[in-house]
Amino acid sequence: MGIMKVLNSISRRLQVFVAILALFVVAGCDVERRKSDSELGLNPQQAAGRKLYDNYCDRCHEPYSSRGKKGPSMKGVFQRPYLSLSGLPANDERMTDIVKFGRAKMEGFNQTMSDQQIKDLLAYLHTL
Ligand code: HEC
């Protein structure tokens, strides 16, 4: 085998290796590991709210990404003065109403959650 042939074959292998490595890096960046409650610094009430969020909201609303799911993202929902979709004020009163009675394609949860649970949920939403 000539030296060029050997070099060529090494270089091809290297290209494949680099391509696979790049794929892993790209894929790895996209998969966010779920943080624990303590990593997020949640107090017991906020952690209880997070469980409720996981059960009742997460399938339609992203908590830590601004990507939309079925509904708009909840990332930083209380950090801005108005809700992104409806433009309603982002305060506890509006949020409680939305969670209890729903909006358009979103069901209400007043049959599912107690007032205390909704308070816990809001405590968590304030951490987003
Ligand atoms: C089945 C999917 C679904 C579930 C479950 C759900 N939502 Fe929604 N939500 C939506 C959709 C769709 C909208 C947009 C409604 C509209 O057209 O105004 C929405 C709207 C909202 C809004 C208003 C956003 C804005 O910018 O005006 C808030 C706040 C909200 N949801 C919070 C929650 C919370 C908190 C929970 C959990 C208790 C929850 N949602 C559960 C689908 C869902």
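View 1. The side chain of histidine 61 places an N or O atom 2.7 Å from a nitrogen atom of the ligand. In this predicted model, local features need pLDDT of at least 70 and side-chain atom pairs count only at pLDDT 80 or more, while totals for chains, interfaces and linings use all residues. Residues are numbered from 1 along each chain as its sequence is written, and side-chain values use heavy atoms, with hydrogens and water left out. An N or O atom in the side chain of serine 86 is 2.5 Å from an oxygen atom of the ligand. For serine 84, a backbone N or O atom lies 3.3 Å from an oxygen atom of the ligand.

**View 2. Helix 3 and helix 4.** Helix 3 (residues 92-101) packs against helix 4 (residues 115-125) at an angle of about 120°, the axes being 11 Å apart. Helix 3 is therefore oblique to helix 4 (angles under 35 degrees count as roughly parallel, over 145 as roughly antiparallel, 65 to 115 as roughly perpendicular and the rest as oblique). Asp92, Met95, Thr96, Val99 and Lys100 of helix 3 meet Asp115, Ile118, Leu121, Leu122 and Leu125 of helix 4 (contact means heavy atoms within 4.5 Å). These residues comprise 6 nonpolar, 1 polar and 3 charged.

**View 3. Helix 2 and helix 4.** The axes of helix 2 (residues 44-56) and helix 4 cross at roughly 100° and come within 7 Å. Helix 2 is thus roughly perpendicular to helix 4. Residues of helix 2 in the contact include Gln45, Arg50 and Tyr53, and those of helix 4 include Gln116, Asp120 and Tyr124.

Definitions and conventions. Axes fitted to C-alpha atoms, helices over the stretch in contact; angles between N-to-C directions. Helix = DSSP H or I, 4+ residues; strand = E, 2+ residues; numbered from the N terminus. Nonpolar A, V, L, I, M, F, W, Y, C, P; charged D, E, K, R; others polar. Polar contact = N/O pair within 3.5 Å; in protein donor to acceptor, adjacent residues only side chain to side chain.
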